[in-house]
Amino acid sequence: MTIDLAQLSIRKAHDHLSKKDFSARELAQAYLRSIEKKDADVHAYIEIYDDVLLQADKADERIALGEADMLTGIPIAIKDNILIAGKKVSAASKILENYHATYDAHVIELLKKAGAVFLGRTNMDEFAMGGSTEHSAYGITHNPHDFSRVPGGSSGGSAAAVAMDGALAALGSDTGGSVRQPASFCGVVGLKPTYGNFSRSGLIAMGSSLDQIGPITKTVADAEILFRQLRVHDPKDSTSLAAYEEKKSTEKLTIGIPYDFLEKGVDPAVRKNFDESVKKLESAGYAFVSVSLPHVEHSLAIYYILMPAEASTNLARFDGVRYGLRADAPTLLAQYVKTRGRGFGAEVKRRIMLGNYVLSSGYYDAYYNKANALRSLVAKDFDTVFNGNGVRVHAIMTPTAPTPAFPIGARMADPLQMYLADIFTVPANIVGIPALAVPSGTMVESGKNIPLGIQFMGPHRREDILFRIGKSFLGES
Amino acid sequence: MISPEDIEKLASLGRLDLSREEKERLGTEIESILGYISEIQHVVGEAEVPLGKQELRNVVREDNDVDESGIYSKMLLDEAPDREGNYVRVKKIL
């Protein structure tokens, strides 16, 4: 049969593969052709692997033996900061230009076991620092819906790959919204799991207390499939959650909206779409209440203290000694300084400088310690609305981003403007709760349909609630 | 206020070689970012509950099941920018 990529989901592809309607090789070829056709304009990928068809053949052997898993033969794109043993991985940085991963990330190990097919590594903001995929050492990625706009970031390549039918699903990483915001800009689904649900082993670290790998998919059901497969305890990540039984909700759900938080800086088109989305869910039987999260407005400031502090520390390992770029200089110290000066891009340098500032003696209490204290207050705000004695809700809804995808270049001159795109996504990272971004329609500008998105946040380990609401919102069974 | 000396200090702490233009630009940018993040200093409140109180626990393990010596050496050394045999070559330190 002819393969219609636009109609495929993971489950549908799995059914077709099982029924032998097409082979994993034919499916992989269809994606490679689609990439060939579209990626010149979009540039979602930094590299397409040369063993894609070999991987697909292995999946076909497994299918022939009747041993197929749900993900066997499913073509997946991987963000360029997740390690696949023997393959290049650069975090879109010059400092790792010719670096090969020496082991598999835990999520990759699980996907390999399931027989998934890795198509290639996707473009991103260098070291996952940015919200537009313009901060890559390997060129910018364009939004598949409008090439003049950014795809979001930092997992912009992964989101664009899924949106252009250049992969059936993708993995990204989300430190402050880097899965959800590009998913929203590209009109696809993105999940940031509860902190600790996916192992961080083999993810190039940015902010270790915030980082979480997450799936980017076309449907909520697909995100759920990947979530269930990758939510496995890993002794190599000391923050990996111990195995637990997922809860199930059957009761009528109440969704909270922090209206105070939505007042400033939200594009009118985004707000209109958000209000329409609320109505749609109301008619589907969901109850809504206004909730107050008194400290949430400080989340972005807290985030831009803690994240650079952690990132500047994590990035200290790139010194040109054991791997990656080494710039020659007369002394060891001069070599460090030159290697890092040449190897890191502007945004990475900015965050290292900022991290060093907030961690310096004299400023440490005023910034780093204060931010940590406030982080616990934001966590308490969420805990109160999810589990407190007053008004309780099952989930909280906001727009995913305050604006639709912005034009390429529009925010490069003003880092603070760029950071503001994270305003609604960072709270979930700060608190460690799960959050699901789903597409909520489009706005028309210059004859193009620009995607908009909404986000649901839930209590720790309650992804099940988010999947339930997300599926019902998108009309998935 | 961020002075040019502050920028020099931060760059040296971060082991970063920066051009003059980079230093000037970073001075202005960091100033503006600090202006924004400094809002937290006006927020009243101390930590009330430890973050994720239920989740905080020590994670320790016995140091056993170690890999056989040398099985990863080649793979890891192949990534070194400069080597001599099974050693990574660096500039003289002392």
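Which residues of strand E7 (residues 254–257) of chain A point one way, and which the other way? Thr254(A) and Gly256(A) point one way, Ile255(A) and Ile257(A) point the other way, and all are buried. Here, buried means under 20% relative accessible area, exposed means over 50%, and partly exposed is in between (1.4 Å probe, protein chains only).

Keep in mind that this is a predicted model, where local features need pLDDT of at least 70, side-chain atom pairs count only at pLDDT 80 or more, and totals for chains, interfaces and linings use all residues. Residues are numbered from 1 along each chain as its sequence is written, chains are lettered from A and ligands numbered from 1 in the order in which they are written, and side-chain values use heavy atoms, with hydrogens and water left out.

**Strand E7 and its partners**

- Helices (H or I, at least four residues) and strands (E, at least two) are DSSP runs, numbered from the N terminus.
- E7(A) runs parallel to strand E8 (residues 287–290) of chain A, and 4 bridges join them; two strands pair if DSSP finds at least two bridges between them.
- Thr254(A) has Ala287(A) as its bridge partner in E8(A).
- E7(A) also runs parallel to strand E9 (residues 395–399) of chain A, this time with 2 bridges.
- In E9(A), Ala395(A) stands opposite Ile255(A).

**Tucked-away spots in chain A**

- Helix H7 (residues 220–230) of chain A is mostly covered, with 8 of its 11 residues buried. Among them are Val220(A), Asp222(A), Phe227(A) and Leu230(A).
- Arg180(A) sits in helix H6 (residues 180–186) of chain A and has a relative accessible area of 0%, so this residue counts as buried.

Residues are numbered from 1 along each chain as its sequence is written, chains are lettered from A and ligands numbered from 1 in the order in which they are written, and side-chain values use heavy atoms, with hydrogens and water left out.

**Strand E7 and its partners**

- Helices (H or I, at least four residues) and strands (E, at least two) are DSSP runs, numbered from the N terminus.
- E7(A) runs parallel to strand E8 (residues 287–290) of chain A, and 4 bridges join them; two strands pair if DSSP finds at least two bridges between them.
- Thr254(A) has Ala287(A) as its bridge partner in E8(A).
- E7(A) also runs parallel to strand E9 (residues 395–399) of chain A, with 2 bridges.
- In E9(A), Ala395(A) stands opposite Ile255(A).

**Buried spots in chain A**

- Helix H7 (residues 220–230) of chain A is mostly covered, with 8 of its 11 residues buried. Among them are Val220(A), Asp222(A), Phe227(A) and Leu230(A).
- Arg180(A) sits in helix H6 (residues 180–186) of chain A and is buried, with a relative accessible area of 0%.
- Not counting residues up to four places away in sequence, Arg180(A) touches residues including Asp174(A), Lys192(A), Thr400(A) and Gln455(A); contact means heavy atoms within 4.5 Å.
- Asp104(A) is in the loop between strand E2 (75–79) and helix H4 (106–114) of chain A, and at a relative accessible area of 19% Asp104(A) is buried too.
- The side chain of Asp104(A) has a polar atom 2.8 Å from the backbone nitrogen of Ala85(A). The side chains of Asp104(A) and Lys112(A) are joined by a polar contact of 2.9 Å.
- A polar contact is a pair of N or O atoms within 3.5 Å; within protein, one must be able to donate a hydrogen and the other to accept it, and residues adjacent in sequence count only if both atoms are side-chain atoms.

- Most residues other than glycine have a negative phi, and most peptide bonds are trans.
- Lys20(A) is not a glycine, yet has a positive phi of about 65°. Look for Lys20(A) in the loop between helix H1 (10–18) and helix H2 (24–42) of chain A, where Lys20(A) is exposed at 53% relative accessibility.
- His43(A), also not a glycine, has a positive phi of about 55°. At 23% relative accessibility, His43(A) is partly exposed.
- From Gly153(A) to Ser154(A) the peptide bond is cis, with omega near 10°. Ser154(A) belongs to the loop between strand E3 (117–122) and helix H5 (156–163) of chain A.

- Chain B has 3 helices and 2 strands, in the order α-α-α-β-β from the N terminus on. Of its 94 residues, 24% count as buried.
- At the interface, 46 residues of chain B are in contact with 66 residues of chain A.
- The two chains bury about 4700 Å² between them, 66% of it on carbon and sulfur atoms. Buried area is the accessible area (1.4 Å probe) that two parts lose on being put together, summed over both.
- On the chain B side, Ile40(B), Glu79(B) and Lys91(B) lose the most area to chain A, together 14% of what that side buries.
- The rule finds 3 salt bridges across the interface, a salt bridge being a side-chain nitrogen of Lys or Arg within 4 Å of a carboxyl oxygen of Asp or Glu. Lys349(A) forms a salt bridge with Glu22(B), with the closest N and O atoms 2.6 Å apart.
- Helix H1 (4–13), helix H2 (20–37) and helix H3 (73–77) of chain B are the elements that give two or more residues to the side touching chain A. H2(B) gives the largest share of that side, 10 residues.
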